[in-house]
Protein chains: 2
Amino acid sequence: MNIGLDMMGGDFAPLEAVKGVKDFVAASQKDIALTLIGDKEQVKLLLDEHTVPKNNLHLVHAEQMIEMHEHPTKALKEKQRSSIAIGFHLLATGKIDAFISAGNTGAMMVGALFSIKAIEGVSRPTIGAYIPRENGSLGLLLDAGINADCKPENLNQFAILGSLFAEHILGVDNPKVGLVNIGEEEGKGNILAQATYPLLKENKLINFVGNIEGRDILMDKSDVMVCEGFTGNVVLKMAESVYDIVQRRGIKDEHFDRFDFEKYGGVPVLGVAKPVIIGHGISHGTAFKNMIAIAQRMIEKDLMKKMQAAFTS
Amino acid sequence: MNIGLDMMGGDFAPLEAVKGVKDFVAASQKDIALTLIGDKEQVKLLLDEHTVPKNNLHLVHAEQMIEMHEHPTKALKEKQRSSIAIGFHLLATGKIDAFISAGNTGAMMVGALFSIKAIEGVSRPTIGAYIPRENGSLGLLLDAGINADCKPENLNQFAILGSLFAEHILGVDNPKVGLVNIGEEEGKGNILAQATYPLLKENKLINFVGNIEGRDILMDKSDVMVCEGFTGNVVLKMAESVYDIVQRRGIKDEHFDRFDFEKYGGVPVLGVAKPVIIGHGISHGTAFKNMIAIAQRMIEKDLMKKMQAAFTS
């Protein structure tokens, strides 16, 4: 197993990426190779400084770097020697088994969609977001903002992808799928939700539990919550802001501490043929460590094969 | 001025409605007539029991009552002697100047749209929701769930209606209007948001400040927040659930106490030709008192005339 990591992505790269690598290596029980892509000199210096054991690390030099504000398609095309472009090249050619970056989200999406491509049968890959629940578990809300306009069939596919992720990566047995809606009964909602409900109901690959409302999103009524990326993104950012308010008001609470979404690191792009994880720009060491661990689990559980199987059945 | 109140609407009616009337009368500086519609005997008994001064109260008997679960159109048609049907009849014929109920929301909407009708030029009346902000003020989010699917022009009209309400009822000077979206820059968002932005930008009747994201909804970046009723309802119910979580976790905080949406009572249906206020089913005394006060303010400020003027200019 060889996991590729963009050392230059994120607001605090490469320092925080190095810290994440150190923590991962220290905690890992297995011999997992990490391919660290970025400014080789700079990364090497930091690895030495932080005394990271280098026996399982492969450094790949990238002369260029895609900045946060750059136009995704243009940057990827023009900066072939950037850490993101190299990462996708290594992933596409099988040199690495997963690729992680906290860099330019758009460039990561373009790379995932065009150099890795969607799983056959998946019309729109998606990104989810973790939602902390009071019982200590994590829910998965998707789409988190990549697909602002969706068709019912897209939401139905998100439900399948999200269920497989929840089951195999989050460890939820037979995950409950809820349709984010504005009423509990079938027939409620906007045109999209009304048309999506019957698809989910008849979908034998998922455990559909019906509509969930805004008040259920932070609860554990369902493990996988499906909606288009507009509502999903608004909801997610509002949940993030609750954490900020709680902090500003000096409230100390274990549950609300888990609203610090940054520490989760990032969620994979679901529906592309190989493991790609996009991190939050403000990722710190823990976030990087968590992303590497998720990539490891995705490879170990052979999640891609399970997703492919779901879409050919 | 004569304000009509459905005494039978809401989970705790008529008792809590009576308490609200008592509190309103006790606090009011002016001679405001209240028309109380419901089971006359029962209401009279409660008024006596709570020693409410009756000089400005008019009791109108209603033999029937529309239950919470009843089909709105059917119930309104068949129960002509229900408190809601009588209330709309009195409002339509000018016997009362405003009508308030915490009863069946659907029946209230049907009554507002069909016996009172929309202001000329308004294609879709709307309902907003108050959003508490850290600075102590209230924002207005609309649509809160009545119009699940919207056209750009609907959102543009919500912005006008919301601005007038925020200015004259909430007392916000030159209220800032924000478009709920999933990115800050113009051009971001789903098809609806993309098409709505230029309309808001060119609308001279409002003070448009651009897109706001999920993280801005609980802040004071804008006073009037516009979106379709699907996103609005999900966001509102999620905010309500934050209050529940805070309570369950035993957190005492002045700001989060203001997330108890129940106490605000209800928001008027905006865009219909006369003041109609729909309360939360679980309304208590304070909520009823607040709704009467809002109706009073709407009449005093002649909000309907201001709205009509906006749509004929």
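In what order do the eleven strands of the open sheet in chain A run? Read across the sheet, the order is 3-2-1-4-11-10-5-6-9-7-8, and the pairing is mixed. Keep in mind that this is a predicted model.

## Chain A as a whole

Let's start with the overall build. Chain A has eleven helices and eleven strands. Its radius of gyration is 19 Å, close to the 20 Å that the globule rule gives for 313 residues, so chain A is as compact as a globular protein of that length. Along the principal axes, the C-alpha atoms of chain A fill a box of roughly 60 × 50 × 40 Å.

Of the 313 residues in chain A, 55% are buried. As for contacts between residues at least 6 apart in sequence, 71% of those in chain A join residues at least 24 apart.

Part of the way across, strand 10 (residues 266-270) and strand 11 (residues 276-279) of chain A run antiparallel and are joined by three bridges. Here V267(A) stands opposite I278(A), which sits in strand 11 of chain A. Helix 4 (residues 83-92) of chain A packs on the sheet, where it touches strand 1 (2-6), strand 2 (33-38), strand 3 and strand 4 (98-101) of chain A. The direction of helix 4 makes about 165 degrees with that of strand 1 of chain A. Helix 5 (residues 105-116) of chain A packs on the sheet too, touching strand 4, strand 10 and strand 11 of chain A. The direction of helix 5 makes about 170 degrees with that of strand 11 of chain A.

## Two domains in chain A

How is chain A divided into domains? The assignment gives domain 1 (1-120 + 271-302) and domain 2 (123-262). The C-alpha centres of domain 1 and domain 2 of chain A lie 26 Å apart.

Where the two meet, 16 residues of domain 1 of chain A are in contact with nine residues of domain 2 of chain A. On the domain 1 side, helix 5 and helix 10 (285-300) of chain A each supply at least two residues. Helix 10 of chain A gives the largest share of that side, four residues. Sorted by class, the domain 1 side that touches domain 2 in chain A has ten nonpolar, four polar and two charged residues.

## Where chain A meets chain B

Now for the chain partner. Contacts link 30 residues of chain A with 30 residues of chain B. Which element supplies the largest share of the chain A side? That would be helix 8 (residues 229-248) of chain A, with twelve residues. By class, the side of chain A that touches chain B has 14 nonpolar, eight polar and eight charged residues.

## A covered strand in chain B

Is strand 7 (residues 176-180) of chain B mostly covered or mostly uncovered? Mostly covered: five of its five residues are buried. In a regular strand the side chains alternate between the two faces of the sheet. In strand 7 of chain B both faces are covered, with K176(B), G178(B) and V180(B) buried on one side and V177(B) and L179(B) buried on the other.

Strand 7 of chain B runs parallel to strand 8 (residues 207-212) of chain B, and five bridges join the pair. V180(B) stands opposite I212(B) in strand 8 of chain B.

Terms used: Residues are numbered from 1 along each chain as its sequence is written. Chains are lettered from A and ligands numbered from 1 in the order in which they are written. This is a predicted model: local features need pLDDT of at least 70, side-chain atom pairs count only at pLDDT 80 or more; totals for chains, interfaces and linings use all residues. The radius of gyration is taken over C-alpha atoms; the globule rule is 2.2 Å times the number of residues to the power 0.38. A residue is buried if 20 or more other C-beta atoms lie within 10 Å of its own, exposed if 12 or fewer, and partly exposed in between; C-beta atoms are placed from the backbone. Two residues are in contact if their C-beta atoms, placed from the backbone, lie within 7 Å. Two strands pair if DSSP finds at least two bridges between them. Axes are lines fitted to C-alpha atoms, for helices over the stretch in contact, and angles run from 0 to 180 degrees between N-to-C directions. Ala, Val, Leu, Ile, Met, Phe, Trp, Tyr, Cys and Pro count as nonpolar, Asp, Glu, Lys and Arg as charged, and the others, Gly among them, as polar. Domain bounds come from an automatic or database domain assignment.
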